[in-house]
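Thanks for coming, everyone. Please take a look at the sequence and the model on the screen. I'll walk you through it.

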Amino acid sequence: MRELIERYLGAYNRMDVDGTLATMHREVMFENYTAGVLSVRTLGVDELRHLAESSRYLFSARRQLILAYQEVDGTATAQILFDGTFAVDLPNGVRAGQSITMNGRSQFRQRDGLLVYIADYSE
């Protein structure tokens with residue numbers, strides 16, 4: 001599964017939506033948790049495409065880097081370093097050109113050789 005996750009992250013880092021979705025099962029579920037609270041959930045590749053296309057314009061550059069990795073009982077967990085540079089001004093006061101760096105973790109499951117579940121966790 002690691003090679004599949006590396007392909008997903010490579011496409012994500014390039015902001016290649018089609019390449020990202022090429023690693024996804026049509027029934028993929030994506031969840032994002034911030035401080036333990038579910039903030040986003042998509043069901044199916046079409047909903048994930050909409051999220052990916054609408055959010056890629058927030059950053060002029062972004063990168064997820066795996067710091068640690070393990071697989072247990074069909075679930076892969078990766079400790080992730082995220083860094084990015086905002087491309088737009090946000091309502092919360094963040095300005096275009098500002099950078100963000102944070103640590104998080106992601107969980108992955110696969111079905112039929114494709115990612116069927118992704119959950120991102122950050123504080």
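**A strand residue to start**

Leu43 sits in strand S2, residues 37-43. Helices (H or I, at least four residues) and strands (E, at least two) are DSSP runs, numbered from the N terminus. A word on the source: this is a predicted model, where local features need pLDDT of at least 70, side-chain atom pairs count only at pLDDT 80 or more, and totals for chains, interfaces and linings use all residues. Residues are numbered from 1 along each chain as its sequence is written, and side-chain values use heavy atoms, with hydrogens and water left out.

Back to Leu43. Leu43 is partly exposed, with a relative accessible area of 49%. The cut-offs: buried means under 20% relative accessible area, exposed over 50%, partly exposed in between, with a 1.4 Å probe and protein chains only. What does Leu43 touch? Val28 and Met29, not counting residues up to four places away in sequence. Contact here means heavy atoms within 4.5 Å. Leu43 and Val28 are 15 residues apart in sequence, and 6.1 Å apart in space, C-alpha to C-alpha.

**Helix H1**

Now to helix H1, residues 2-13. H1 has twelve residues and reaches 16 Å from first C-alpha to last, close to the 16 Å expected at 1.5 Å a residue. That expected span is 1.5 Å times one less than the number of residues.

Which residues of H1 are buried? Leu4, Ile5, Tyr8, Leu9, Ala11 and Tyr12. They cover an arc of only 160° around the axis, so they lie on the same side of H1. The arc is that of the directions from the helix axis to the C-beta atoms. These buried residues pack against helix H2 (17-21) and strands S1 (24-34), S3 (59-72), S4 (75-86), S5 (99-111) and S6 (114-122).

Glu6 is also in H1. Glu6 is partly exposed, with a relative accessible area of 38%. Glu6 and Val72 are 66 residues apart in sequence and 18 Å apart in space, C-alpha to C-alpha.

**The cores**

The largest nonpolar core has 19 residues. A nonpolar core is a set of buried Ala, Val, Leu, Ile, Met, Phe, Trp, Tyr and Cys residues joined through side-chain atoms within 4.5 Å. Ile5, Tyr8, Met24, Phe108, Leu115 and Ile118 have the most contacts inside this core. H1 gives the largest share, four residues. Take Phe108: its contacts include Ile5, Tyr8, Leu115 and Ile118. There is a second, separate core of seven residues, among them Tyr12, Met15, Phe59 and Phe82.

How much space lies in the largest pocket? About 820 Å³. On a 1 Å grid over the protein atoms alone, a pocket is an open set of points where a 1.4 Å probe fits, with protein on both sides within 12 Å along at least five of seven lines; lining residues have an atom within 4 Å of a point. Of the 34 lining residues, Tyr12, Phe30, Asn32, Phe82 and Asp120 are the closest to its centre. S5 gives the most to this lining, with six residues.

**Positive phi**

Last stop, the backbone. Met15, which follows H1, has a positive phi near 60°. Ala35, in the loop between S1 and S2, has a positive phi near 50°. Asp112 has a positive phi of about 55°, although it is not a glycine. Asp112 lies in the loop between S5 and S6. Asp112 is exposed, with a relative accessible area of 66%.

Definitions and conventions:
Grid points are joined across faces, edges and corners, and a volume is the space filled by probe spheres set on the points.
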